[in-house]
Amino acid sequence: MASLRHLNRMRATLFCPSAGSCRFSSLYAGKHVTVNVKNQVAVIAMDSPNSKVNVLSQEVSDELVSAFETVDKQNRSDVVGSVVISRKPGCFIAGADIKMLAAATTAEAMSKISSDAHKVMQRLEDSERPVVAAINGSCLGGGLEVAMSCHYRIVTKDKSTKLGLPEVQLGILPGAGGTQRLPRLVGLMDALPIMLTGAEVRPDKAKRIGLVDFVVRPLGPGLKPIEERNMEYLEEVAIDQARALAAKPQLIKRSMQFERPWSFGSLKHKLPVQFGFLKNYILDQGRKGVLKKTHGNYPAPMKIIEAAGAGVGAADKSVGFEAESKGFAELGASSESSALMSIYFGQQQCRKNRFGAPARETKTIAVMGAGLMGAGIAQVSLQKNFNVILKDANEAGLTRGQQQIYKGLDGRVKKKALTSFERDTIMSKLQGQLDTKNFSKVDMVIEAVFEDIGLKHKVVKEVEAALPEHCIFATNTSALPIHQVAAASKRPEKFVGMHYFSPVDKMPLLEIITTDKTSKDTAAAAVAVGLKQGKTVIVVKDGPGFYTTRCLAPMLAEAVALFQEGVSPHEMDRITTKFGFPVGLATLADEVGLDVAQHVSEDLHKAFGSRMGGADIGVLNDMVAKGFLGRKTNKGIFSYESKSRGKRPLNAGATEILKEYSVDKRTEHTDVMLQNRLAARFINEAVLCLQEGILNSPVDGDIGAIFGLGFPPFLGGPFRYLDTYGPAEYVKVMEGLQTQLGSHFAPAPLLLEHAKSGAKFHKN
């Protein structure tokens, strides 16, 4: 590949010898796609109106075909090649139109979408003139399938540039040729992880594995805005490359690194094609890895392996494409795909501020408490360009918090997500202090001190005296009713709950809690801050445990009851991960903290009575009294003192406590029975939250359960799960458990209503 200097010289001396040859003309103008000829190259530009991104809809696909047909009609002396580019800053094509996919509810409809897409991509690939994809920004799903159908791919080395096939996250497979073209370009060993995880590939790695052919380095500041100039520069380089490929077609190498006969990359690519046993070994290893991670709950990864395997080494390419279409159709009609697509649309809904824009933009945030949560809240705020004051009661705590923030940012530097300069710039926006000096400049306070109502009241009174009139006060708590914390405030209309999940920089959910006195503008400001922090936001009404903690608590109570009946912690982890939770319930209890579980259990039992029961609270009381608090003390249900890998050892002291509280089995202990006992406590409480108005909608309930508590995504959340299972059938399950175990399994009245009427919680 020629250097950029060489390309520029070629442009200056060969391709523009006179003004006449550097002409510009328009060939085609559609709603989404235009074609202009520049220096004998057709620039096919995508720019969908009224949208921040381009998506591959049927209309866009049709216009792309029309654009190429128009180009093919031109004389070869006038148009020697094509460039496919986007006019959207930070986006090539973000993927297929998800609404189009969701509307195709049958296997036949999904099969037609795939077969039509194959024709479009083949049309690009079969072009007799070289086609260069010029990629800046998101190039995902159908966008990458378009790029892989081109003869050459150029990408910008920009933070926004990412390539990938994330269809697996929607419960489907790449249906426009992705399972076939990606292994051809990068080899089966590199292709499978990209498709099976939906991982995004950055420019340098994309070049290294052969996914792209050239990486364009961005230009520095100039007369034009940097983003605009770099887009122009990408187009210039792509035009030059299209002309170079037209002059020397042999430069088109679909897999450049594999042209070296003795390179490791060449062997990785060629051997699975030439030797069937090696291909089968790679596919078998992929299947084993998928089953280990998904427990068979997600069919899409297996179908991806099947489709990719059908194409690799096949003499007839149509075999692989037919396998892809078949798998795409089957998956598109599955309940898992429907559930995962509903999550996507739910996320989109939760990224909107239903309270509107706040009257005043939040620019400076003061975080009270520099512990694990406080430092995490400060970090995610700093990363999104907020000015942050971090206050703690003592120097040692403040220093630990600042070190935690630096360590988190430095970790991103090591992963090349940030430069060291950007890390230091972010840290410069952090101000650590032990008093309330400069709080007159603060727009929002987020209090994250220990879960003690007396301490929180003390902080509220101390801080409010130093705040400007417009400032909002948010308390971070997992269970304390917000109106009780707000009782110490002189401005309850400016008071709101913001429940973050640990670790804050990794957990996506933010649960905002409003009281009867919280103003609409306060709620709007809290949501705006959460969205800017990059969080998926749900807003719930105030009440003991709010939504997420209230659902988790009864399930943990049932887990303790099962421990008393003799179910081992390892068995508990096995059955809950098999059900689809990302972390076993025994491990989760240790992660949350047994002291926190005890505290929440007591508070919710006071509020809701026996419905939060089922287990002997003495189990947790004794655990906490012995100092078995979980991972944070190296001893909880499990022991964390050993760093060795493998099955985590039980804490012998905790095991003894469980023996002291042991009881006879109250039901059979099959996997299904145990899973039903645990899930029913969670799901029934979610329905009660909707019934009581704690939740605004079933969508919020599903999103909160999945992104805050790890409810199995392939089930779509508790409400989507009930719709799929059938409310009437689920009532039968719960009534059976109620007969055997007691009133804490009594179905919620709203669930009984849906069972009787046949209504679903979701309208679509």
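Tutor: Helices (H or I, at least four residues) and strands (E, at least two) are DSSP runs, numbered from the N terminus. This is a predicted model, in which local features need pLDDT of at least 70 and side-chain atom pairs count only at pLDDT 80 or more, while totals for chains, interfaces and linings use all residues. Residues are numbered from 1 along each chain as its sequence is written, and side-chain values use heavy atoms, with hydrogens and water left out. By the DSSP count, the protein chain has 31 helices and 18 strands.

Student: How does helix α5 lie relative to β5, β7 and β9?

Tutor: Helix α5, residues 142-149, lies across β5, β7 and β9 and runs at about 85° to β7. The angle is taken between N-to-C directions, from 0 to 180 degrees, of lines fitted to C-alpha atoms, for helices over the stretch in contact. Contact means heavy atoms within 4.5 Å.

Student: What makes β5 and β7 a pair?

Tutor: Two strands pair if DSSP finds at least two bridges between them. β5 and strand β7 (residues 138-140) have two bridges, in the parallel sense, and Cys-91 stands opposite Ser-138 in β7.

Student: Why are β5 and β9 called edges?

Tutor: The open sheet has three strands in the order β5-β7-β9, with parallel pairing. β5 (91-93) and β9 (162-164) each have a single partner strand, so one side of each has no neighbour in the sheet. From one strand to the next, the twist averages 15°.

Student: Which residues does Ala-339 contact, leaving aside its neighbours within four places in sequence?

Tutor: Its contacts are Pro-713, Phe-714, Leu-715, Gly-716 and Arg-720. The C-alpha atoms of Ala-339 and Arg-720 are 6.9 Å apart, although 381 residues separate the two along the chain.

Student: What is the arrangement of α29 and α30 called, and why?

Tutor: The axes of helix α29 (residues 718-725) and helix α30 (residues 727-741) come within 6 Å and cross at roughly 100°. Angles under 35 degrees count as roughly parallel, over 145 as roughly antiparallel, 65 to 115 as roughly perpendicular and the rest as oblique. α29 and α30 are therefore roughly perpendicular. Tyr-721, Leu-722 and Tyr-725 of α29 make the contact with Pro-727, Glu-729, Tyr-730 and Val-733 of α30.

Student: What makes strand β16 mostly covered?

Tutor: Six of the six residues in β16 (495-500) are buried. Phe-495, Gly-497 and His-499 point one way, and Val-496, Met-498 and Tyr-500 the other way.

Student: In which sense does β16 pair with β15, and in which with β17?

Tutor: Strand β15 (residues 472-475) pairs with β16 in the parallel sense over three bridges, with Phe-473 bridging to Phe-495. Strand β17 (residues 509-514) pairs with β16 in the antiparallel sense over four bridges, where Met-498 stands opposite Ile-512.

Student: How do you know whether the radius of gyration agrees with that of a compact globule?

Tutor: The radius is taken over C-alpha atoms, and the globule rule is 2.2 Å times the number of residues to the power 0.38. For 764 residues a compact globule would have a radius near 27 Å, and the protein chain has 29 Å, which agrees. Buried residues make up 55% of the 764.

Key
Buried means under 20% relative accessible area, exposed over 50%, partly exposed in between (1.4 Å probe, protein chains only).
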